[in-house]
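Please open your viewer and keep the selection tool at hand. We will go from stop to stop, and at each one you will be told what to select and what is there.

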Amino acid sequence: MTHDFHAWSEIDNGTVPVEDGELFYETAGPGSGPAVVLLHGGMLDQHMWDEQFAWLVNSGLRVIRYDSRGHGLSSTVTGDWANHDDLAALLDALDVPRAALVGLSHGARVALDTALAHPERVAALFLASPGISGRAFTDPFVLGHIREQVAAIGEPDGAERYVEHFLRLWVDGPHRAPSAVHPGFRERMRACAAANVEVHADGAGAGIPLEVGAFDRLGEIRVPTTVLDGDLDAADISANAHAIALAVPGARRIRVPAAGHMVNLENTPLFDGELHAFLASLAL
């Protein structure tokens, strides 16, 4: 049975001040209930979670999603900043003592940093296609496209080229030609990334994210953790998922078939089923 979640839970949105800026967020669900926070990937924004946001709210949880600094409707970067401190400030402003963090790619990287820097705020980790602070990329496929992105900066067609390399890296992946990816899905990702590049161009090089070096500290994490990675993703991401599964006590790894980096959008039934089961297993 389906419900229109607007019928019982208005979506609230607004901004929360952080140091030298503000974060734009949306939240819905019971005001005092257990909270789930959705953290998007780099160059994207909170709308990559549209599908999950709807059913999570409908399931009776309090759900929060937001645009990280330098993305979407949040502030452009003006200097060095810490994404994990931004998230803690958001939780403070929304009066959320602890939350389960659901992050993809860069969002998973921020979730891990937050679990280490603010462990009292994190109840569980559901990490998809994870980045990990303190671990450099080594996959020649990834390094090659990053070099091309850097070379595109400042060129007349640089923004378009930059976004195309983002798509090759984090939508198509190393095992597929662009033509093998669903065109509507690829265009959705392209439009989102292009908007971010345009809106936040002034922040490029304005500061660096301060991180905790999670790769060497994964064994300190003490909350229920599940990690997912797509079988068509880059080798670096598979290595990250493997490292988390090995080092975090009790962590569970799920390989997602027929999916590249954006596992929540490419194999949505599997992703949603695993997330639902994970959240149901927690005493939130």
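The tour below begins with a pair of strands and ends with salt bridges. Bear in mind throughout that this is a predicted model.

**Stop 1: strands β3 and β4**

Begin by selecting β3 (35-39) and β4 (62-66), two strands that pair in the parallel sense over five bridges. While both are on screen, find L38, which stands opposite R65 in β4. In a regular strand the side chains alternate between the two faces of the sheet. Show the side chains of β3 and you can see A35, V37 and L39 pointing one way and V36 and L38 the other way, with all of them buried. β3 is mostly covered, since five of its five residues are buried.

**Stop 2: Y66**

Next select Y66, which lies in strand β4. Is Y66 buried or exposed? Its relative accessibility is 4%, and because buried means under 20%, Y66 counts as buried.

**Stop 3: D67**

Move on to D67, which lies in the loop between β4 and α2 (83-93). D67 is buried yet has no salt bridge, and the nearest side chain of opposite charge, R65, is 7.5 Å away. Which backbone atom does the side chain of D67 reach? Select L73 to find out: the side chain of D67 reaches the backbone nitrogen of L73 at 2.8 Å. Leaving aside neighbours within four places in sequence, the residues in contact with D67 include L23, F24, H40 and D45, as well as G72, L73 and S74.

**Stop 4: helix α3**

Now select residues 106-117, which make up helix α3. At 1.5 Å a residue, its twelve residues should span 16 Å, and its end C-alpha atoms are 16 Å apart, which agrees. Ten of these twelve residues are buried, so the helix is largely enclosed by the rest of the structure. Among the buried residues of α3 are G107, R109, V110 and D113.

**Stop 5: helix α7**

The 13 residues of α7 should span 18 Å at 1.5 Å a residue, and its end C-alpha atoms are 18 Å apart, which agrees. The buried residues of α7 are D236, I237, S238, N240, A241, A243 and I244, and they pack against α3, β6, α4 (140-152), α5 (158-172), β7 (225-230) and β8 (252-256).

**Stop 6: R98**

Select R98, whose place is in the loop between α2 and β5. With 44% relative accessibility, R98 counts as partly exposed. Which backbone oxygen does the side chain of R98 reach at 3.2 Å? The backbone oxygen of V122 is the one reached at 3.2 Å, while the backbone oxygen of E120 lies 3.5 Å from a polar atom of the side chain of R98. Select H118 as well, which is 20 residues from R98 in sequence and 9.9 Å from it in space, C-alpha to C-alpha.

**Stop 7**

Side chains of opposite charge can pair when their charged atoms come close. Return to R65, which forms a salt bridge with E26, the closest N and O atoms being 2.9 Å apart. This pair links distant parts of the chain, with R65 in strand β4 and E26 in strand β2 (residues 21-28), 39 residues apart. R65 is buried, with a relative accessible area of 5%, and E26 is buried too, at 12%.

Then select E211 and R109, whose side chains meet in a salt bridge (2.6 Å, N to O). E211 is in the loop between α6 (183-199) and β7, whereas R109 is in helix α3, 102 residues apart.

Finally, select R255, which forms a salt bridge with D229, the closest N and O atoms being 2.6 Å apart. R255 is in strand β8 and D229 in strand β7; R255 is partly exposed, with a relative accessible area of 42%, whereas D229 is buried, at 0%.

Conventions:
Residues are numbered from 1 along each chain as its sequence is written. This is a predicted model: local features need pLDDT of at least 70, side-chain atom pairs count only at pLDDT 80 or more; totals for chains, interfaces and linings use all residues. Side-chain values use heavy atoms; hydrogens and water are left out. Helices (H or I, at least four residues) and strands (E, at least two) are DSSP runs, numbered from the N terminus. Buried means under 20% relative accessible area, exposed over 50%, partly exposed in between (1.4 Å probe, protein chains only). Lys and Arg count as positive and Asp and Glu as negative; His and the chain ends are not counted. A salt bridge is a side-chain nitrogen of Lys or Arg within 4 Å of a carboxyl oxygen of Asp or Glu. A polar contact is a pair of N or O atoms within 3.5 Å; within protein, one must be able to donate a hydrogen and the other to accept it, and residues adjacent in sequence count only if both atoms are side-chain atoms. Contact means heavy atoms within 4.5 Å. The expected span of a helix is 1.5 Å times one less than its number of residues. Two strands pair if DSSP finds at least two bridges between them.
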